[in-house]
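Please keep the sequence and the 3D view at hand while reading.

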Amino acid sequence: MRYLSLFLTLLLVLFGAVMAQDKVLNAGLDVDAGTMDPRLARDTSAARIQELVYNGLVSLDPELVPQPELAESWNFTSPTTLVVQLRPGVVFHNGQPFTAEDVVYTFTTLLEEDFGAPRRSLYTPITNVEALDELTVQFNLSQPYAPLLQYLDIGIVPNEAAAALGADFGDNPVGTGPFRLVNWEKGNRIELEAFDEYFKGRPNIDKINISVIPDNNVRLIALESGDLDLIHSPVPPQDLERLVQEDKFAVSQTTALGYTYLNLNLADPILSDVRVRKALAYLSDRNALSEVIFFGMDQPGKSFLLPNTFYYSDEVTEYSYDPERGKALLTEAGWVDNDGDGIREKDGQPLQLELTTNIDPNRQQVLEFLQGEWLDAGIDASVRVYEWPSYIGDVIAGDYQVGLIGWLLLTDPDRATFLQFHTEGGNNYGSYANNTVNELLEQGRAETDPNKRKEIYTEVAQIITDEVPYIFLLYQGYVVIHDKNLEGFVVHPAGSWKSLETATLN
Amino acid sequence: MFQYTIRRLFLFIPVIAGVLLIVFVTVRLVPGDPAAILVGPEGTPEDRARITRVLGLDRPLPLQFGIYVWRALQGDFGRSIFLGSDVMKLVLTALPATLELAFLALMMTILIAVPLGIVAARNPNTLLDYGSTILALLGVSMPLFWFGVLAILLFSLQLGWLPSFGRGPGILPAFGTLFSSGSLAGVWLSLKHALLPALTLAFGSIALVARLVRSAMLEVLNLDYVRTARAKGLSERRVVNKHALRNALLPVVTIVGLQFGTLLGGAVITETIFAWPGLGRLVVNAISQRDFPVIQGSVIFIATMISIVNLLVDLSYAFINPKIRYA
Amino acid sequence: MRRSSILQRLARHAGAIVGGIIILLVVVAALFAPLLAPYQPEERNIRNRFQPPSSENLLGTDNFGRDTLSRILYGAQVSLTVASLAVGLAATIGIFLGSLAGYLGGIADMIIMRLVDVFLAFPPILLALTLVAALGPSAFSVTVALGLVYWTAYARVIRSSILALKSEDFVEANRALGAAWPRTLFRHVLPNAFGPIIVVASVGMGSGVTAEAALSFLGLGVQPPTPSWGSILNTGLQFLRQTPYLSTFPGAAIMLTVLGFNLLGDGLRDVLDPRGTS
């Protein structure tokens, strides 16, 4: 009898295995992940994948509030000491249990200079991390650092496996996440498989195949012809309208955690005059940019405080499109067209501005659009679009006048401001300097009360608006298009695919 | 002949060295710092300096070159700055895809170009001649990326006949499963994947080969023994197939061989459009990211293959036509 | 073969005639673009964008409401200029190095021919890509890059025609008279190698136009708002699904022009070398 039931069970299992079709999700990306080592990840593709393969101590919900993940709870025992209680019973894909040592290892290596972590500077206020017991870690900080919790979403790697593999760990990732890597053809294809012992329960989706398709048109055609089930930004904005109307697809849009802006180089003699900068702000029709080029996908921008986040404020003023006011400001600054050639000049020098950006069809169109507007106002505007590596090199070197750039993944207002506007900030390419702003930014970094921080950053935003080192053109939009067979996918402003751990595929 | 081969093989060394030197220097002349790209715009000057040091890019150029050559001679082509993997591994993973595509494109070139050339040669200076010439030339005249996207739009989206991107299992591996499991599905799928990219790639060579076939055929058809064959009353079809074609094709074979080298290196655009996981796409990505080790490794690899093919073509030419003397 | 008989034969070659007519039309369109174009190529009208072909805009309007016909006409100027200057540069480099190799022989020949081998071992588009990246994308750098990529064919042609001439008497005689190298080059070598050079150049014009378009696709061509055919086509492709004609017309312009150059080149080859053994 025992044998019979065993036999029947076996038969049932075998039969079930034959019957059950694997639920495979085919997704498309524009570029491959550079690495699957979360400590070394820098591109958005790597960020997307590492959220599926690993877990952070926290995860950011769509409102960007840190939620417990591998951490069960946390507590600032002093402004510079954070104690984190870890979740018990979590295992890595290789079967090893997750412990405090793994957390210590992850952050210690991340902070090592020679390890080469691209985002190390986000973590440098951490002096060291220590394991208090098997499931408790303590972060010791050199100074109060409010954004720290936001950055603890980085994936935790297993101490022993990562140390043993060294530089090859990025190719052979081992995490605690809902999916584990099965196969990776670099630059082409990533195959993930549901992890049976995932601590939140095995995902409903059995397999995720991610294909890298560089051409935007082809990626979209692949979705529409059924070869893919899910794609996300960059999506050609002009195609959205059509896709929204199709029954087959679900199109989700949200504001991304990023803005696209004009970086005005304050070291430039023309742009050092705040009246010229204000004039440019009045001459830039943000509503038209949003509608004409982005078909509403990216929204008109205002300041670095992102809409749909806790820190957004209506109080900050904005520059509405007002070409007459812009022209008046240019005249006031001494730029007048005396020789009637349509271009203003001052002290015999024509008002020449070069707008630059990297190769990107939409960014290129933005500059072409602004060029037209500015030409009408008597500015001899020219456009130069070139490769990202050369472009970012010039921007870093301060070798530009008006640069169109974007900031992404701004999960905290500190990340959108400190390095950009602080005199000592590493990304203050345009040489902006204001002592009040410096002080406020330092306060904002150290302050732990969100409401007080909101006041501080609102004040900074107003000063930045008045002094115009940046012209905030657009709040970037984030779009996910997927087959309606996929249910339960939650669009996340950071572009996270994390909800695939609970989504179902019919 | 043997001596000539040996000498040509020795001449490889300066050619490859020249390729390496040009690549090594130009990629470093190109503005754009890998460290800056690696840390992204969010990186601080300290981050960039640190990464530059970790990558060894702060050393003097001649020293970097020396280190690179020394390691390369031992088979170590370094690690990709962006993908983290061993360069040789990346190149060898991408190679089969590129070879497969180039080989299929070569087949298509022959299948399309030879009949076009023969038709043209048999009807010289008629509408058929001009028609087939123009047909052959259309391929080389078309911007390939435009054709590629249009073809995907038509065959994948509108008609649903072909997959829209990628390589599928790959033809050789699919033959493996054919023998182990008897399933033809993989081979079929791979061929469907490869059809459009191979055709797109073939477009570049069809005109050249068709033209050669035409002129070689014309020449042979006017030779004495063909005339004799005709005089003997053999059918024109028999004359063409039996006597003319065989002789005309000898020089064509060598040119077709030469085209193989071009196809190997010419797949840059095709691979990008069709998301084909080959060497061309690897290099283009590497160039756009200033991934020096990958650019160097794959260009040396491609250049060596092209040089080998060129050498083989030269040798076969000498073999076919013993009149050519090599002094 | 005398020049006049070449022209006569060319006039009887159907392919060459068709090719020649196409080229002539395109060149005229480029030269008289300011007269022919109904609008300025950069004149925008956002409210009038994405218009299908109509009596006001014969080929429709683009994403900024610019007139596609006007842009294609002005684009002909840019594309033909880039291609012809690139061909000129390639021919100059190739003729210079090829004649040095052929004339001097020995070590110089050896070095120059290895240099040719090195360039032949590079996939041309990759080399062009790297060079444009080094110089920064612009019409100028596309021209320079294509010139540097395509010089080898000219060098080979010139070298072999010098080697052929060397064995003939009149150069020997000239050398005996102490004629300088440039003099020999211009007096004897170039006139004799004129035919094959023209063939290579004609086909090279076609390659130049398509290569510029290919570089545009990779983001490294002539930069907007300057209208080159490559950049117009590439912009048009972004709107392929909404307004297909935005890419159809520039694509067709490129195709037709390149076809013209190839037909002309083929015709020239047939006429100059009737047995087609070159």
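The model shown here is predicted.

Within chain A, the domain assignment gives domain 1, covering 55–159, and domain 2, covering 257–476. The C-alpha centres of these two domains of chain A lie 35 Å apart, and the contact between them takes 10 residues from domain 1 and 11 residues from domain 2. Looking at the side of domain 1 of chain A that touches domain 2, one finds 7 nonpolar residues and 3 polar ones, with no charged residue among them.

Chain A also holds an open sheet of 4 strands, which follow the order β4-β5-β7-β6 and pair in the antiparallel sense. Because β4 (71–78) and β6 (126–133) of chain A stand at the edges and each has a single partner strand, one side of each is left without a neighbour in the sheet. Neighbouring strands of this sheet are turned by 20° against each other on average, direction ignored. Inside the sheet, β5 (residues 81–86) and β7 (residues 136–141) of chain A are joined by 5 bridges, and V84(A) stands opposite V137(A) in β7(A). Helix α3 (residues 100–111) of chain A packs on this sheet, where it touches β5, β6 and β7 of chain A, and its direction makes about 165° with that of β6(A).

Another run of paired strands in chain A involves β8, β9 and β10. Strand β8 (residues 179–185) pairs with β9 (residues 189–194) in the antiparallel sense, and β9(A) is in turn joined to β10 (residues 207–212), again antiparallel. The hairpin of β8(A) and β9(A) has 3 residues between the strands, and in this hairpin G187(A) takes a positive phi near 75°.

| Strand pair | Bridges |
|---|---|
| β5(A) and β7(A) | 5 bridges |
| β8(A) and β9(A) | 6 bridges |
| β9(A) and β10(A) | 5 bridges |

Note on methods. Residues numbered from 1 in each chain as written. Chains lettered and ligands numbered in written order. Predicted model: local features only at pLDDT ≥ 70, side-chain atom pairs only at ≥ 80, totals over all residues. Pairing = 2+ DSSP bridges. Helix = DSSP H or I, 4+ residues; strand = E, 2+ residues; numbered from the N terminus. Domains from an automatic or database assignment. Contact = placed C-beta atoms within 7 Å. Nonpolar A, V, L, I, M, F, W, Y, C, P; charged D, E, K, R; others polar. Axes fitted to C-alpha atoms, helices over the stretch in contact; angles between N-to-C directions.
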